[in-house]
Amino acid sequence: MHKMKKNILVIPGDGIGPEVTTWGKAVLEKVASLFGHEFTFQEALMGHVAIEATGDPLPAETLEKAKESDAILFGAVGHAKYDNDPTAKVRPEQGLLKIRKELGLYANLRPILLFDELLNASSIKPSILKGTDILFFRELTGDVYFGEKNRSADGNTASDLMIYQRYEIERIAHKAFQAAMTRSKRLCSVDKANVLESSRLWRETVQEIAKQYPEVHTEHMFIDNAAMQLIKDPKRFDVVLTANLFGDILTDEASQIAGSMGMLASASIGDGIGFYEPIHGSAHDIAGKDLANPLASILSASLMLDISFGLKTEAELIITVVKQVLAEGFRTNDIADESTNPYQVLGSKEMGKLILKFIDQQVYSH
Ligand code: NAD
């Protein structure tokens, strides 16, 4: 077995961030000890906690530690104080935007992995959903978010420049095609090439790159159609490649077909360090109450093992154990329904501990 030595930075952040990352980290420690890997952990501040401590949502020390690490496990940032004050100049989410830029994290990967036991939690019919397994590649450092912004002198006209350069499309397209090669070899690129020039460059570039992956069946779809198809027939998608704005909207739509925020993980990658986080935020409404579902952070740890370290067996083991816990009827509050045995509704800590116990059992039974 190949033993690995890795340096992991944990950034718990705000609200339920620390409550969930504790368990993502615990799972990484457990896997390391069972498989003989050597993972060392450091911790750093970001978000509201960092503003309180240093005045800066991304202190220089955090960025330094991040650049020295092999991968980062992140919780969430945010605080009610800023949500109610859109004019606040220093804000927790600035830390997140800055670290993405500094680390060159240009691709956001969001797997939409559906667990059969939770099909009823979605607003879509289980018969349509069953078997859905989509991997989104959303471009993260270009598009209208980073293009030039203008407001006229009288304040009545505003614009945001939608801009892409060919290399920005090429590098994420390669990542998406490489992933498609390891999956079902189907890739759908989503754009609005009938109307937008930046989308025409997007489509032209993806068509060029596709020639290098002749085994992958590539299709191009307009964003409006993709938004509709995702609800109508989610199983038709496998790898979906799209720009920043379209990806922002489509991945949130897709998270709802999965039913719960507490179950979805994401990875942001570039050409170096990977950044792994649940898709949910800091959830102030449940912070400190032992109610947060730790499974998204635990699945983020699985993504880290797979994508950054290439440890497929270890990554798969975590997914298997999450499935097993659900199959045996255990739930956190957010994924419980009227059919759940009340004695099997667990707090964050109990759920975390149960996952660790089941990982042990899986490994020792083989
Ligand atoms: P949220 O994701 O924090 O919460 C939305 C709803 O889902 C809440 O009712 C919450 O209780 C529930 N929920 C979320 N995660 C859960 C979990 N693990 N277990 C159980 N229930 C869970 O989104 P929001 O309420 O819109 O935002 C709250 C704060 O989070 C804001 O300050 C926002 O800016 C921030 N935020 C941060 C990130 C991030 O750090 N990546 C992402 C989104 C929102």
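User: In which helix is Glu253 found?

Analyst: Helices and strands are DSSP runs, numbered from the N terminus; a helix is H or I with at least four residues, and a strand is E with at least two. Glu253 is found in helix α10, residues 244-257. This is a predicted model, in which local features need pLDDT of at least 70 and side-chain atom pairs count only at pLDDT 80 or more, while totals for chains, interfaces and linings use all residues. Residues are numbered from 1 along each chain as its sequence is written, and side-chain values use heavy atoms, with hydrogens and water left out.

User: Which residues does Glu253 contact, leaving aside its neighbours within four places in sequence?

Analyst: Contact means heavy atoms within 4.5 Å. With those neighbours set aside, Glu253 is in contact with Ala227, Leu230 and Ile231. Ile231 is 22 residues from Glu253 along the chain, and their C-alpha atoms are separated by 8.5 Å.

User: How is the packing of two helices read, and at what angle do α7 and α8 pack?

Analyst: Axes are lines fitted to C-alpha atoms, for helices over the stretch in contact, and angles run from 0 to 180 degrees between N-to-C directions. Helix α7 (residues 166-182) and helix α8 (residues 197-210) pack at about 45°, with axes 9 Å apart. Angles under 35 degrees count as roughly parallel, over 145 as roughly antiparallel, 65 to 115 as roughly perpendicular and the rest as oblique. The pair α7 and α8 is therefore oblique.

User: What is the handedness of the crossing of α7 and α8?

Analyst: A crossing is left-handed if the near helix is turned anticlockwise from the far one by less than a right angle, and right-handed if clockwise. For α7 and α8 the crossing is right-handed. Residues of α7 including Ile169, Ala173 and Phe177 meet residues of α8, among them Leu201, Trp202 and Ile209. Ala, Val, Leu, Ile, Met, Phe, Trp, Tyr, Cys and Pro count as nonpolar, Asp, Glu, Lys and Arg as charged, and the others, Gly among them, as polar. The contact of α7 with α8 has nine nonpolar, two polar and three charged residues.

User: How are α1 and α13 oriented to each other?

Analyst: The axes of helix α1 (residues 17-35) and α13 cross at roughly 15° and come within 10 Å. These two helices are therefore roughly parallel, and their crossing is right-handed. Trp23 and Leu34 are among the α1 residues that meet α13, where the partners include Ile355 and Tyr364. Ten nonpolar, two polar and five charged residues form this contact of α1 with α13.

User: How many residues surround the ligand?

Analyst: A residue is near a molecule if one of its heavy atoms lies within 4 Å of it. The ligand is surrounded by 21 residues, the closest being Val77, Gly281, Ala283, Asp285 and Asn293. A polar contact is a pair of N or O atoms within 3.5 Å. An N or O atom in the side chain of Asp285 is 2.8 Å from an oxygen atom of the ligand. For Asp83, a polar side-chain atom lies 3.0 Å from a ligand oxygen atom.

Terms used. A polar contact is a pair of N or O atoms within 3.5 Å; within protein, one must be able to donate a hydrogen and the other to accept it, and residues adjacent in sequence count only if both atoms are side-chain atoms.
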